[in-house]
Amino acid sequence: MSAFLSVSAKSRVTKWLLRCGMLSAPLFYAVVIAQIFTRSGFDIRRHAISSLTLGDAGWIQCANFIVTGSLTALAAIAIRTVLRGRKGGTWGPLLTAIYGNGMILAGLFRPDPGLGFPSGAPEEAPTTMSGEAAIHSLAFFVAFLALIAANIVFARRFASIGQRRWSSYCIATACLSPLLIVVGMSLVGWVGIIMGIAGIVAFGFVSALATRLQLEVTAA
């Protein structure tokens, strides 16, 4: 009886942690969208989402990065539990956790002001990078690379169990996300929008994966 209760309690915790991952991307973009329409001077066509960490209300987006990263890191624990001893069960959760911690670090350090945001900032893009901005950029870059690598790991995992659609989804995400980043960097007038779409594609993978694994746990 005690063994049954232990397994049952473990399953409940795993499901709760996976729900954290399911919530991560929708919560992140709900908070971002709310700020796009309420932060004076912010223009999503010109400004990256990270710019929302600046100004008096910047703490909202800082918290958004930190909470999203924490939810992802918690989900990585559940992913490890579900996939332990199976293909992708080591590197998949580890890379997901690196992404989550990268997001937390990106929330603790802010980019430099520029392009007229926040109010009083230079109208031009920064020509130099402060130490804080460098850490923010590096953290986000590492997080993004880890997420792409995680997609490749899970693509192999789903292919090995005959889940071709999910494998194709992972591969498409791994290819489309960096492609959008490159396109966004070349189209200055739309950089914020295209980078935001790249984030939806990439961050959404964590929520989709957590949902898929939640179904596996429920069916077990």
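**Close-up views of a predicted model**

**View 1. Pro118 sits in the loop between α3 (91-108) and α4 (131-160).** Helices here are DSSP runs of H or I at least four residues long, numbered from the N terminus. Look at the bond that joins Phe117 and Pro118: this peptide bond is cis, with omega at about 0 degrees. Keep in mind that this is a predicted model, where local features need pLDDT of at least 70 and side-chain atom pairs count only at pLDDT 80 or more, while totals for chains, interfaces and linings use all residues. Residues are numbered from 1 along each chain as its sequence is written, and side-chain values use heavy atoms, with hydrogens and water left out.

**View 2. Leu115 is found in the loop between α3 and α4.** Leu115 isn't a glycine, yet its phi is positive, about 55 degrees. Its relative accessibility is 24%, so Leu115 counts as partly exposed (buried is under 20% relative accessible area, exposed is over 50%, and partly exposed is in between, using a 1.4 Å probe and protein chains only).

**View 3. Phe28 and Phe203 form an edge-to-face aromatic pair.** Rings of Phe, Tyr and Trp (its six-membered ring) pair if their centres lie within 6.5 Å; planes under 30 degrees apart are stacked, over 60 edge-to-face, and the rest tilted. Here the centres are 5.4 Å apart, with 85 degrees between the planes. Phe28 lies in helix α1 (residues 2-36) and Phe203 in helix α6 (residues 191-219), so the pair ties together parts 175 residues apart in sequence. Both Phe28 and Phe203 are buried.

**View 4. Ring pairs link Phe28, Tyr29, Phe65, Tyr99, Phe140 and Phe203 into a cluster.** The whole structure holds twelve aromatic pairs.

Note on methods
Helices (H or I, at least four residues) and strands (E, at least two) are DSSP runs, numbered from the N terminus.
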